[in-house]
Amino acid sequence: MWGIKLKILFIGGNGNISWYCVQKALESGHEVWELNREQSVFTRRKVQKEVHKVRGDIRKTEEIKALLELSFFDIVCDFICFDAVQAQQDIEIFRNKTKHFVFISSEAIYKRISSNIPYKEDSKKYSLDNCNCNYITGKLAAEQKFAEAYISEKFPVTIIRPAYTYDTIFPTSIGHNCFTAAKLILEGYPLLIAGDGNNLWTFTHSSDFACAFIKLIENRDTIGESFHISTEEWLTWNEQSEIVLKALGSIKSGTFHVPFQDALQLNSIQPQEMMFQRMWHNIYNINKVKEYVPNWSAHISFEQGIAKTIQWLNEDTRFKRSVFDLEKELIKIYRNYGVMK
């Protein structure tokens, strides 16, 4: 354990997951910096006034090297690295700039097979050669790159895989993480569910994630290790959808189930492998994070958390990001099945 005030750099830092991590770091007394392009600020929570800002594009390696030439950080956390190329850039930039590097990966890399449930950190993962989803293969390749750097040069990396984590995004079975699906529900369209909706999922609020996250990154014993962070509340998509409709005040809108095979063909909405995951169990064994962070557990229920999300979305109409092309695709589903408001 560090046990002292730390200088922490967040790459990103103002996103759905990272905002509360920054907030928790500040509450813990650390000096917090954010490196990002300062874009999409109107659809996110406001950057905390205590944060030191560095404006730059992390993908422009030489520019960032020059920008951070005289800087050193106790901890660097990258929330926006998505493939091996970007991982290598991180290694080149921060090789001599930090004592502890934290890569935010994804639980999506766990292969969806019965023997994996509930998922553990060493559960079988997808193969780079046998997966057609760029998001999954990108995160896998990035993990491999960081693992190789840890072995070959002791690059001080910890890998953290968030389970499905929400705060400013709106969780629905079919749709993106924007407000588009919710907008249609409020207009009277039914909430769409992929498959029969009986598979178990977890929905972790970002503030719960942050409480475990900050303790993991403060602990140098986590270097070389990987962790996933998840709530222990398990809900089916059917149960989750009832809570969403109630929170929106749209019980009368009801739900509509898109058959399993049909849902897999909705590639314009979600890559097939990711849609398959929506219809598979998404539950975790979190004994490892509890071993490193004693007494931690997620305490915000989905019912409480989605109420917080809706309250925030209602604070400013700009937060309710709706995507026109997605709305067209969702309406196409309703028309194909003759399900209209």
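**Figure 1. Salt bridges in the predicted model.** The count of salt bridges in this predicted model comes to 17. One of them joins the side chains of aspartate 167 and arginine 45, with 2.8 Å from N to O. This pair links distant parts of the chain, the two residues being 122 apart. Aspartate 167 sits in the loop between strand E7 (165-166) and helix H5 (180-186), while arginine 45 sits in the loop between E2 and strand E3 (52-55). Aspartate 167 counts as buried, with a relative accessibility of 0%, and arginine 45 also counts as buried, at 15%.

Figure 2. Glutamate 62 and lysine 65 meet through their side chains in a salt bridge of 3.9 Å, N to O. Both residues belong to helix H2 and lie three residues apart, about one turn of the helix. An α-helix has 3.6 residues a turn, so residues three or four places apart point the same way. Glutamate 62 is exposed, its relative accessible area being 56%, and lysine 65 is partly exposed at 32%.

Figure 3. The side chains of lysine 288 and glutamate 225 form a salt bridge with an N to O distance of 2.8 Å. Here too distant parts of the chain are linked: lysine 288 is in helix H10, and glutamate 225 is in the loop between H6 and strand E11 (226-229), 63 residues apart. Lysine 288 is buried, with 19% relative accessible area, because buried means under 20%. Glutamate 225 is partly exposed at 28%. Elsewhere, a network of salt bridges links Lys183, Glu187 and Glu327.

**Figure 4. The surroundings of histidine 30.** Histidine 30 lies in the loop between helix H1 (18-27) and strand E2 (31-36), and it is buried, with a relative accessible area of 7%. Its side chain makes a polar contact of 2.6 Å with the side chain of glutamate 218. A polar atom of the histidine 30 side chain also lies 3.1 Å from the backbone nitrogen of leucine 6. Leaving aside residues up to four places away in sequence, histidine 30 touches Ile4, Lys5, Leu6, Ile8, Ala25, Ile214 and Glu218.

**Figure 5. Helix H1 and its cover.** Seven of the ten residues of H1 are buried, so this helix is largely enclosed by the rest of the structure. The buried residues are Ser18, Trp19, Tyr20, Cys21, Val22, Ala25 and Leu26. Their cover includes strand E1 (7-11), E2, strand E10 (204-205) and helix H6 (206-218). Just after H1, glycine 29 has a positive phi of about 90°.

**Figure 6. Helix H3 and its start.** In helix H3 (residues 84-94), the buried residues are Gln86, Ala87, Gln89, Asp90, Ile91, Ile93 and Phe94. Among the elements that cover these residues are E1, helix H2 (61-67), strand E4 (73-78), E5 and H4. At the start of H3, a side-chain oxygen of aspartate 83 comes to within 3.2 Å of the backbone nitrogen of valine 85.

**Figure 7. Cysteines without disulfides.** Zero disulfides are found in a search of the whole structure. The closest cysteine sulfur to that of cysteine 131 belongs to cysteine 133, and at 5.5 Å it is too far for a bond. Cysteine 211 is likewise in no disulfide, with the nearest cysteine sulfur, that of cysteine 21, 9.3 Å away. Cysteine 131 counts as buried at 8% relative accessibility, and cysteine 211 is partly exposed at 27%.

Figure 8. Most residues other than glycine have a negative phi, and most peptide bonds are trans. The peptide bond from isoleucine 117 to proline 118 is cis, with omega near -10°; proline 118 is in the loop between strand E5 (98-104) and H4. Lysine 154 has a positive phi, near 60°, and is located in the loop between H4 and strand E6 (157-162). Asparagine 295 has a positive phi near 75° and lies in the loop between helix H10 (287-292) and helix H11 (302-313). Lysine 154 is exposed at 58% relative accessibility, as is asparagine 295 at 82%.

Figure 9. Tyrosine 135 is part of helix H4 (residues 134-153) and counts as partly exposed, with 33% relative accessibility.

Technical notes:
Residues are numbered from 1 along each chain as its sequence is written. This is a predicted model: local features need pLDDT of at least 70, side-chain atom pairs count only at pLDDT 80 or more; totals for chains, interfaces and linings use all residues. Side-chain values use heavy atoms; hydrogens and water are left out. Helices (H or I, at least four residues) and strands (E, at least two) are DSSP runs, numbered from the N terminus. Buried means under 20% relative accessible area, exposed over 50%, partly exposed in between (1.4 Å probe, protein chains only). A polar contact is a pair of N or O atoms within 3.5 Å; within protein, one must be able to donate a hydrogen and the other to accept it, and residues adjacent in sequence count only if both atoms are side-chain atoms. Contact means heavy atoms within 4.5 Å. A disulfide is a pair of cysteine sulfur atoms within 2.5 Å. A salt bridge is a side-chain nitrogen of Lys or Arg within 4 Å of a carboxyl oxygen of Asp or Glu.
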